[in-house]
Amino acid sequence: MGNGRERTVDHEVEHRAAERERAIVPQRITLPTGAVGLHAVITLPETPRALVLIVHGCHPGAECPRDHVLAATLHHTGIATVMADLLTPEEDHGKRALGSFRYDVDLLSRRIDDVAAYLATRPATRALPLGIMAGQEDATSLVYAIARRPDVARAAVLIDPYLHIAGPFLPALQLPTLLLVTRDDVHMLRYASQAVRSAPGKAELRVFHAPTPSRPVELALGDHVARWFQRHLTPAPSAVASGSLTVPGAPLAHPQETSHAQ
């Protein structure tokens with residue numbers, strides 16, 4: 001009889017988890033910045049505790065399956081996400097042809113600031129403490145944004161960051177910043193270590209070695225990213241139980257169920 005009861009409890013747990021999963025429905029939105037609108041996808045778990053902005057400036061978010069895995073991990077911890085492309089499709093096309101926007105960190109950092117400011121005004125997100133995540137070249141744009149406005153977010157995560165042109169701004173990392181390095185790149189590791197030394201007590205570095213078949217690097221990254229934002233993004237009381245968090249837009253498939261072509 002005990003085994004039967006355990007199976008019933010397990011079934012109920014799985015059913016509730018499935019219900020929570022169905023409640024997490026991404027939606028397309030447009031984020032205004034300057035004279036253009038940026039494509040983004042917002043995902044709001046039921047009663048979200050915080051919000052993480054995941055920015056893509058050097059490639060569209062749809063080309064980043066890893067970030068979709070990380071976003072799904074955050075959703076399961078009750079953290080909402082906005083995955084935002086910092087370039088319009090026209091700008092991205094021009095960048096691919098000419099490389100004209102690739103390292104325009106001033107433009108991209110201003111757009112990060114604009115998007116963060118906009119999210120702070122919207123009913124569905126304004127009460128949620130904000131974190132920001134960026135990778136590779138986009139990490140430099142995020143460092144610039146933090147240097148321009150240190151209160152742009154409460155915490156940040158930089159994944160495989162290219163910080164070789166961000167040296168003068170590294171001391172500006174005066175908010176909790178986690179640097180995650182998964183590549184065997186001595187220059188990347190050197191600048192990430194410099195960032196930690198430039199912001200003692202604020203920045204932390206984690207280095208990941210080759211993944212194993214039973215533990216893909218995305219899962220290990222997801223654990224660290226989720227714990228970091230849970231630790232540093234304290235939810236506001238007004239954001240906890242309204243039940244009215246809605247965002248206009250067309251529903252999408254769940255990120256884990258969507259095929260993203262490389």
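Student: Why is Ala 166 called buried?

Tutor: In this predicted model, the relative accessibility of Ala 166 is 0%. Buried means under 20%, so Ala 166 counts as buried.

Student: Where is Ala 166, and what does Ala 166 touch?

Tutor: Ala 166 is in the loop between strand 6 (155-159) and strand 7. Not counting residues up to four places away in sequence, Ala 166 touches Thr 140, Val 143 and Tyr 144.

Student: What makes Arg 66 count as buried or exposed?

Tutor: The relative accessibility of Arg 66 is 17%. The limit for buried is under 20%, and Arg 66 therefore counts as buried. Arg 66 belongs to helix 2 (residues 65-76).

Student: Which residues does Arg 66 touch, leaving out those up to four places away in sequence?

Tutor: They are Ile 159, Asp 160, Glu 218 and Leu 221. For Arg 66 and Glu 218, 152 residues apart along the chain, the C-alpha atoms are separated by 6.3 Å.

Student: How do you know that the length of helix 7 agrees with its number of residues?

Tutor: Helix 7 (residues 217-232) has 16 residues, which at 1.5 Å a residue should span 22 Å. The C-alpha atoms at its ends are 23 Å apart, and this agrees. Its buried residues are Val 217, Ala 220, Leu 221, Gly 222, Val 225, Ala 226, Trp 228, Phe 229 and His 232.

Student: Why is Asp 113 called buried?

Tutor: Asp 113, which is in helix 4, has a relative accessibility of 13%. With the cut-off at under 20%, Asp 113 counts as buried. Leaving aside neighbours within four places in sequence, Asp 113 is in contact with Arg 148, Arg 149 and Val 152.

Student: What makes a set of residues a nonpolar core, and which members of the largest one touch the most others?

Tutor: The members must be buried residues of the nonpolar kinds, joined through side-chain atoms within 4.5 Å. The largest core has 49 residues, of which Leu 31, Leu 53, Val 82, Ile 132, Leu 142 and Leu 163 touch the most other members. Helix 4 (residues 105-119) supplies the largest share of this core, seven residues. A second, separate core of 23 residues includes Ala 71, Ile 79, Leu 180 and Ala 220.

Student: What is Ile 132 in contact with, beyond its neighbours within four places in sequence?

Tutor: Its contacts include Leu 53, Ile 112, Leu 142, Val 152 and Phe 229. Leu 53 is also paired with Ile 132 as a bridge partner, the latter lying in strand 5.

Student: How do you know that strand 3 and strand 5 pair, and in which sense?

Tutor: Two strands pair if there are at least two bridges between them. Strand 3 (residues 50-56) and strand 5 (residues 130-135) have four bridges, in the parallel sense.

Student: In which sense do strand 1 and strand 2 pair, and over how many bridges?

Tutor: They pair in the antiparallel sense over seven bridges. Arg 28 stands opposite Val 41 in strand 2. The two strands form a hairpin with two residues between them, and Gly 34 in the turn has a positive phi of about 60°. Strand 2 also pairs with strand 4, in the antiparallel sense over four bridges, with Val 41 opposite Met 83 in strand 4.

Conventions: Residues are numbered from 1 along each chain as its sequence is written. This is a predicted model: local features need pLDDT of at least 70, side-chain atom pairs count only at pLDDT 80 or more; totals for chains, interfaces and linings use all residues. Side-chain values use heavy atoms; hydrogens and water are left out. Buried means under 20% relative accessible area, exposed over 50%, partly exposed in between (1.4 Å probe, protein chains only). Contact means heavy atoms within 4.5 Å. The expected span of a helix is 1.5 Å times one less than its number of residues.
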